[in-house]
Structure formats: C-alpha cells, structure tokens
Amino acid sequence: MKRTDLLLRIITSADGEPVTPVQLQKVAFYIWKEYPDRLPDDFYNFRKYDYGPFSADIYHDAEKLEDDGLVSISLNQRGGWREYAATAQGLNSDLSDIPRDVSKFIDEKVQWARGLTFQELVRALYEQFPQYRENSVFKV
C-alpha cells in the first residue's frame, strides 16, 4: 500500500464529488492517528499550522494523481480554493491493497467531514486534538 493509494481512497470515497483541501488534510490526519503502525513508512508528516495539522506533501501527491489521470483538480467557483475529485479512471482504480477496515474508516471519515462546514471541521479536530491549535490563525 502506498500513501498515494490512501490519498486516492480519500478522494474516491466522495463518489466523484469534490473534496476540499481541509477535508483532504483532516481525513489524512485522522488516518495517521488511527492507524499509525499500519501505514507506509513515508506516510504524511503533519505539522501544526494555520488551521491545524497540515502536510504540503498531500497537495504534491494530489497533483501527481492528477497527472496520472486519477484525480481532477479544479477551483471552487465561490471561494477560489482547489477541490479534488476522482475521475472515472480514479473511481475504477484497484485499491485492494488497502485493508478493509482502513478503507471503511476512510469512507466514514470522508462522509463525516463532507457533512461539516470548514469551521465545524476545524473546531471538531481542535476539540479532539487541542495541541494542534498551537499555531492556528483560526479563532474557535
């Protein structure tokens, strides 16, 4: 299992709908917290940043997935931020290397995250992991 497989799994869990940067970052963080011993050695390292845990490598890997035709990256019309959606090829990718329980966890976290506003998602993460509020510009 590669970290890009897990990233693609996050994006495909939205069934072709877009995933925002905060959703992508925070779901990957939750995976890292839930399964630290079962992830690839090069899985994302998260640092305390403006809106909680952050890894720039997630965006670099998403761009690689776009180059491979698995993900489409577009700008949100209202806010101008990037959004990440699986292409048909991405939705049909073989991600069977991801253990079933990890895949189920990703599905649940993506659906949960997509049901929250930006503020609600950041606030929920800070409630569970207050240490990641340290460098935050977000006022709860």
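Lys and Arg count here as positive and Asp and Glu as negative, while His and the chain ends are left out of the count. On that basis the protein chain, which is a predicted model, carries 18 positive and 23 negative side chains, and the centres of these two sets lie 6 Å apart.

The protein chain contains six helices and four strands, which follow one another along the sequence in the pattern α-α-β-β-α-β-β-α-α-α. Its radius of gyration is 14 Å, close to the 14 Å that the globule rule gives for 140 residues, so the chain is as compact as a globular protein of that length. Among contacts between residues at least 6 apart in sequence, 64% join residues at least 24 apart.

Some overall values for the protein chain are these:

| Property | Value |
|---|---|
| Span of the C-alpha trace along the principal axes | about 40 × 40 × 25 Å |
| Buried residues | 46% of the 140 residues |
| Accessible surface | about 7600 Å² |
| Part of that surface belonging to carbon and sulfur atoms | 44% |

The largest nonpolar core has 40 residues, and Leu7, Ile10, Leu24, Ile31 and Val71 touch the most other members. At least two residues of this core come from each of several elements, including helix H1 (3-12), helix H3 (56-67), strand S3 (71-75) and helix H5 (100-114), whereas H2 gives the most, with seven residues. Ile10 illustrates the packing: leaving aside residues up to four places away in sequence, Ile10 touches Val19, Leu24, Val27, Ala28, Ile31, Ile106 and Val110.

Note on methods: Residues numbered from 1 in each chain as written. Predicted model: local features only at pLDDT ≥ 70, side-chain atom pairs only at ≥ 80, totals over all residues. Heavy atoms only, no water. Core = buried A, V, L, I, M, F, W, Y, C linked by side-chain atoms within 4.5 Å. Buried < 20%, exposed > 50% of the residue type's maximum accessible area, 1.4 Å probe, protein only. Contact = heavy atoms within 4.5 Å. Rg over C-alpha atoms; globule rule 2.2 N^0.38 Å. Areas by Shrake-Rupley, 256 points an atom, 1.4 Å probe, with all protein chains shown as cover. Charge placed at Lys NZ, Arg CZ, Asp CG, Glu CD.
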